[in-house]
Amino acid sequence: MHAVGNRDPFSGADVIADGITGSVDGVPTVASPMYKQTFDLRTGICLDDPEVALPVLPVRLL
């Protein structure tokens, strides 16, 4: 289970929750619905621009 921030760092819009989930080479990802940048769900790092990242939030399973 993964949790990342909802704000797209490229557009500034709160849209990541509406992003397209998938994987790239076995890495779980989410792609922004705005400009389609893809982010690693484990680290938040943008695969298209590694200097940009989403905040990664801790997840506690109950």
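The side chain of S32 makes a polar contact with the side chain of D8 at 2.6 Å, a polar contact being a pair of N or O atoms within 3.5 Å in which, within protein, one atom must be able to donate a hydrogen and the other to accept it, while residues adjacent in sequence count only if both atoms are side-chain atoms. This is a predicted model, in which local features need pLDDT of at least 70 and side-chain atom pairs count only at pLDDT 80 or more, whereas totals for chains, interfaces and linings use all residues. Residues are numbered from 1 along each chain as its sequence is written, and side-chain values use heavy atoms, with hydrogens and water left out.

- S32 belongs to the loop between β2 and β3, where strands (E, at least two residues) and helices (H or I, at least four residues) are DSSP runs numbered from the N terminus.
- With a relative accessibility of 0%, S32 counts as buried, a class that means under 20% relative accessible area, as against over 50% for exposed and in between for partly exposed, with a 1.4 Å probe and protein chains only.
- Besides its contact with D8, the side chain of S32 reaches the backbone nitrogen of M34 at 3.1 Å.

**The sheet**

- Three strands form an open sheet in the order β1-β2-β3, with antiparallel pairing, and two strands are taken to pair if DSSP finds at least two bridges between them.
- Because β1 (20-24) and β3 stand at the edges with a single partner strand each, one side of each is left without a neighbour in the sheet.
- From one strand to the next the twist averages 35°, with axes taken as lines fitted to C-alpha atoms (for helices, over the stretch in contact) and angles running from 0 to 180 degrees between N-to-C directions.
- In general, the strands of a sheet pair through backbone hydrogen bonds, in either a parallel or an antiparallel arrangement.
- The antiparallel pairing of β1 with β2 extends over 5 bridges, and within this pair I20 stands opposite A31 of β2.
- Strand β2 (residues 27-31) is joined to β3 by 3 bridges, again in the antiparallel sense; T29 stands opposite D40 in β3, and V30 stands opposite F39 in β3.
- Since 4 of the 5 residues of β2 are buried, this strand is largely enclosed by the rest of the structure.

**Hairpin loops and positive phi values**

- Most residues other than glycine have a negative phi, and most peptide bonds are trans.
- D25, although not a glycine, has a positive phi of about 50°, and this residue sits in the loop between β1 and β2, a hairpin with 2 residues between the strands.
- The relative accessible area of D25 is 79%, so D25 is classed as exposed.
- K36 likewise is a residue other than glycine with a positive phi, near 70°, and its place is in the loop between β2 and β3, a hairpin with 6 residues between the strands.
- K36 has a relative accessible area of 49% and is therefore partly exposed.

**Salt bridges**

- The structure holds 2 salt bridges, each defined by a side-chain nitrogen of Lys or Arg within 4 Å of a carboxyl oxygen of Asp or Glu.
- Side chains of opposite charge can pair when their charged atoms come close.
- Another links the side chains of R42 and D40 at 3.1 Å, N to O; R42 is partly exposed, with a relative accessible area of 45%, whereas D40 counts as buried at 7% relative accessibility.

**The segment after β3**

- T43 lies in the segment after β3 and counts as partly exposed at 40% relative accessibility.
- Although T43 and V4 are 39 residues apart along the chain, their C-alpha atoms are separated by 8.7 Å.
- L61 is also placed in the segment after β3 (38-40), and at 65% relative accessibility L61 counts as exposed.
- M1, V59 and L61 make a nonpolar surface patch of about 360 Å², where patches consist of residues with over 30% relative accessible area and no salt bridge, nonpolar side chains (Val, Leu, Ile, Met, Phe, Trp, Tyr) being joined within 5 Å and like charges within 9 Å.
- Accessible areas come from the Shrake-Rupley method with a 1.4 Å probe, and for residues only the protein chains shown count as cover.
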